Amino acid sequence: MSSVSNSASPMGAEGASGSTSAADLSNVEINEATKVPEVEVKHAPFQSQPSLRGEMTEEQLKELGDKMRKEQAKKYFSLRKDVFANAVEHCKSYLDESDGEILSSWLLCEIDHWDHEKERIVLITKKTLCLVKYNFSGLKFDGVRKVPLIECNKIQIGRFVYPKTTMMMITGYLDNSPHSKQSGLRIFCSNQEPGFFQNWNPWYDEMPYISLTSHVQSVLVESPPEAVQHSLFCKALIDAITNARETEPKKEILNSFEVVEAELEIYVYTGLSAKIYNQSKLGFYKHRGSFLF
């Protein structure tokens, strides 16, 4: 018996010769090895495309993350070469003789009473703490808030937290807000508590306290400069306040000064405006495609 069934052999024979009749198959032995032609599979992206995560090592992933952070850092005008130093020189002309000489300059982030992040140049002079609003895209001075150092009666250091009863749990902002895992400091310059209309006015910028944290550069640059780190700023501010109080001729009228560690509560209960404002980084001057603000 040398014949084979039509369902087994024709495929192998067709691969060996281009056209084979059924009669020629009678000479094929059962145990003869047949060859399968090599077939090139095209247009199969899902089968042939390797997994990006599986193909990259931890070192390559780290390099990719560093590259992405560097690209993000390029978008911030304040991080460009010499921009911050030139801005500080520009701000000097808006200081008075009563402020005294500048002891140190900082680039920090202010968190207002509505949880909005705002880029600020902070100057510590011998007599005054100055929070400068500076337009880094237009390179112009937009205003300053000055607080005498001797009026700073308390510095609170800790992590930012939100009220336990808040609508932000419904909106999802509470879990996704970076402030819930961020540390900073709060400077109290009055013993008075803010009133109802002050708390609910998003444009009110004379609150009896100032909340600060590190600038976004601290997470975008591998080795951030000292000027953007709130922990170093806090040490410099404590020293400046202590020296200002010691040189004050009327020490008996000064309130007590203390430094405490405690949670920094942000008294905001909805967070809708902060979610849009902070995710878009509207408080920072950066390149936004066709827009520069």
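User: Why is the contact of Asp-112 with Lys-118 called a salt bridge?

Analyst: In this predicted model, the closest N and O atoms of Asp-112 and Lys-118 are 3.2 Å apart. A salt bridge asks for a side-chain nitrogen of Lys or Arg within 4 Å of a carboxyl oxygen of Asp or Glu, so the pair qualifies.

User: Are Asp-112 and Lys-118 buried or exposed?

Analyst: Both Asp-112 and Lys-118 are buried. That word stands for a relative accessible area under 20%.

User: How many salt bridges does the structure hold?

Analyst: There are 9 of them. One of these is formed by Asp-99 and Lys-146, whose closest N and O atoms are 2.8 Å apart. Asp-99 sits in the loop between helix 5 and strand 1 (102–111), while Lys-146 belongs to strand 4 (residues 140–148), so this bridge ties together parts that are 47 residues apart in sequence.

User: What makes Asp-99 buried and Lys-146 partly exposed?

Analyst: Their relative accessible areas decide. Asp-99 has 3%, and because buried means under 20%, Asp-99 is buried. Lys-146 has 30%, which falls between the 20% and 50% limits, so Lys-146 counts as partly exposed.

User: How do you know that Lys-126 and Glu-101 form a salt bridge?

Analyst: Here the closest N and O atoms are 3.2 Å apart. With the limit set at 4 Å, the pair therefore counts as a salt bridge. This pair also links distant parts of the chain, 25 residues apart: Lys-126 is in the loop between strand 2 (117–125) and strand 3 (128–135), and Glu-101 is in the loop between helix 5 and strand 1.

User: What is the phi of Lys-281, and where does Lys-281 lie?

Analyst: Lys-281 has a positive phi of about 55°, although it is not a glycine. Look for Lys-281 in the loop between helix 11 (272–279) and strand 10 (287–288).

Terms used. Residues numbered from 1 in each chain as written. Predicted model: local features only at pLDDT ≥ 70, side-chain atom pairs only at ≥ 80, totals over all residues. Heavy atoms only, no water. Helix = DSSP H or I, 4+ residues; strand = E, 2+ residues; numbered from the N terminus. Buried < 20%, exposed > 50% of the residue type's maximum accessible area, 1.4 Å probe, protein only.
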